[in-house]
Number of protein chains: 2
Amino acid sequence: MTTSDRARPRKPRADGERRRASILREAASLATVTGLDGLTIGGLAAATGMSKSGLYAHFGSKEELQLATVAQARRVFDAEVFGPASAAQPGVPRLVALCEAFFAHVEGGTFPGGCFFVGAALEMGTRPGPVRDSIAAFQDELGAVMATAVAAAVERGELSQDEDPQVLAFELNALLVGADAAFVLRGDPAVLEVARAVVRRRLTSPD
Amino acid sequence: MTTSDRARPRKPRADGERRRASILREAASLATVTGLDGLTIGGLAAATGMSKSGLYAHFGSKEELQLATVAQARRVFDAEVFGPASAAQPGVPRLVALCEAFFAHVEGGTFPGGCFFVGAALEMGTRPGPVRDSIAAFQDELGAVMATAVAAAVERGELSQDEDPQVLAFELNALLVGADAAFVLRGDPAVLEVARAVVRRRLTSPD
């Protein structure tokens, strides 16, 4: 792939897109360490070795940079978490796959500060505006994916009829957030093993 | 109390301690918005209206300021969460009291960015050193308080013999962290109602 890419004559537009994607990968990583608000055109210039004026050409303002960074983090989450989950059967298998993929995403160190969206949720709560809204929209979607899978699990008899999809979605989400925070603080994979066991037990119908 | 305090001649040392405590309350609040790493002597000088040299007299370095801020946040957590929990009976009542006190602490808006220690855990994971260690020590203690209460609940027959104190402590802690993150993002008390219901159901032995 890389070889044939290199053999092809590059188009300026494709080059620009590649550079933009590479800057945004760096920005998303950096944001998990400094916070999204700590992400400035100047700071990103220092981290990428690009000029501030070059970065201004890609992102007109700090807010545009932040929103593009959230969109990039979302693409990573799609690829590493939502993708594997949607490949699993609806119901409990999908819930388990989603949680497992999340733990693998955190453990694999895609971002140095753990899940981008956990840090962003905490940070952006005190900073109303379009960036906070984009984080809340992501959380809504994650909650909806989980609640839909819980509803499917109930319908298929994999979980008790008493399960409230919204409530179990909250519970599972909390296990992901709690595992992320504990793993980021300690760097100890044993934390994620405990979280995996809790998820599996919680999703086993006691019958 | 305040009146009699005022009537008494102030001692310079007591004045200094009062001022230090007031600075640290501001520092702990600010840290839940800017992060502990965003807490600088300069930033705190701007927030408190004190001179930088005056703050240097209280805290010799940024790290000393951060450690003193963690200690202050710990005193607040003692007063608002550990205190009410230790007043409850050992076992399930203590676990419920601890979780309820935590939710009230978050909902009451003691700090604008929610639980100080949740934000600090995420932030400090990528910043090894004494400040991170002090956050990890707090988390160890919270986990131990919870695990001890779970063990007491099992011994009293309030929870199943199958409960692993460490695992249930992890689960409960995750519910606190997840509720904090969701409440900080949305500011919606309904989130905490869901968390309260989940905690109560989780701690009701199915018999």
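In chain A, take the contacts with a separation of 6 or more: 62% of them join residues 24 or more positions apart. By contact I mean two residues whose C-beta atoms, placed from the backbone, lie within 7 Å. Please keep in mind that this is a predicted model, where local features need pLDDT of at least 70, side-chain atom pairs count only at pLDDT 80 or more, and totals for chains, interfaces and linings use all residues. Residues are numbered from 1 along each chain as its sequence is written, while chains are lettered from A and ligands numbered from 1 in the order in which they are written.

So what is chain A built from? There are 10 helices and 0 strands. Helices here are DSSP runs of H or I with at least four residues, strands are runs of E with at least two, and both are numbered from the N terminus. The C-alpha atoms of chain A fill a box of roughly 65 × 45 × 30 Å along the principal axes. Of its 207 residues, 42% count as buried. Buried means that 20 or more other C-beta atoms lie within 10 Å of the residue's own, exposed means 12 or fewer, and partly exposed is in between, again with C-beta atoms placed from the backbone.

Let's visit one residue. A:T69 sits in helix α5 (residues 62-87) of chain A. Is A:T69 buried or exposed? It counts as buried, because it has 27 C-beta neighbours inside 10 Å. Leaving aside neighbours within four places in sequence, A:T69 is in contact with A:L24, A:A27, A:A28, A:A31, A:L36 and A:L39. A:T69 and A:S29 are 40 residues apart in sequence, yet their C-alpha atoms are 9.3 Å apart in space.

For contrast, hop over to chain B. B:R156 lies in the loop between α8 (130-155) and α9 (165-186) of that chain. With 13 C-beta neighbours inside 10 Å, B:R156 counts as partly exposed.

Now, how do the two chains relate? A rotation of 180° with 0.0 Å of shift along its axis superposes chain A on chain B, with an RMSD of 0.0 Å. That is the relation of a two-fold axis. The superposition is by least squares on the C-alpha atoms of residues with pLDDT of at least 70 in both copies. Within chain A, A:A174 comes closest to the rotation axis, its C-alpha being at 2.8 Å.

Where the chains meet, 31 residues of chain A are in contact with 31 residues of chain B. On the chain A side, α7 (116-124), α8 (130-155), α9 (165-186) and α10 (189-202) each give two or more residues. The largest share, 13 residues, comes from α9(A). That side divides into 20 nonpolar, 9 polar and 2 charged residues. Ala, Val, Leu, Ile, Met, Phe, Trp, Tyr, Cys and Pro count as nonpolar, Asp, Glu, Lys and Arg as charged, and the others, Gly among them, as polar.

Let me finish with α7(A). Why is α7(A) largely enclosed by the rest of the structure? Because 9 of its 9 residues are buried. Among them are A:F116, A:G119 and A:E123. The cover over the buried residues of α7(A) includes α2 (12-34), α5, α8 and α9 of chain A, together with α7 (116-124) and α9 of chain B. On the chain B side, B:A121 touches A:A181, A:V184 and A:L185 among others.
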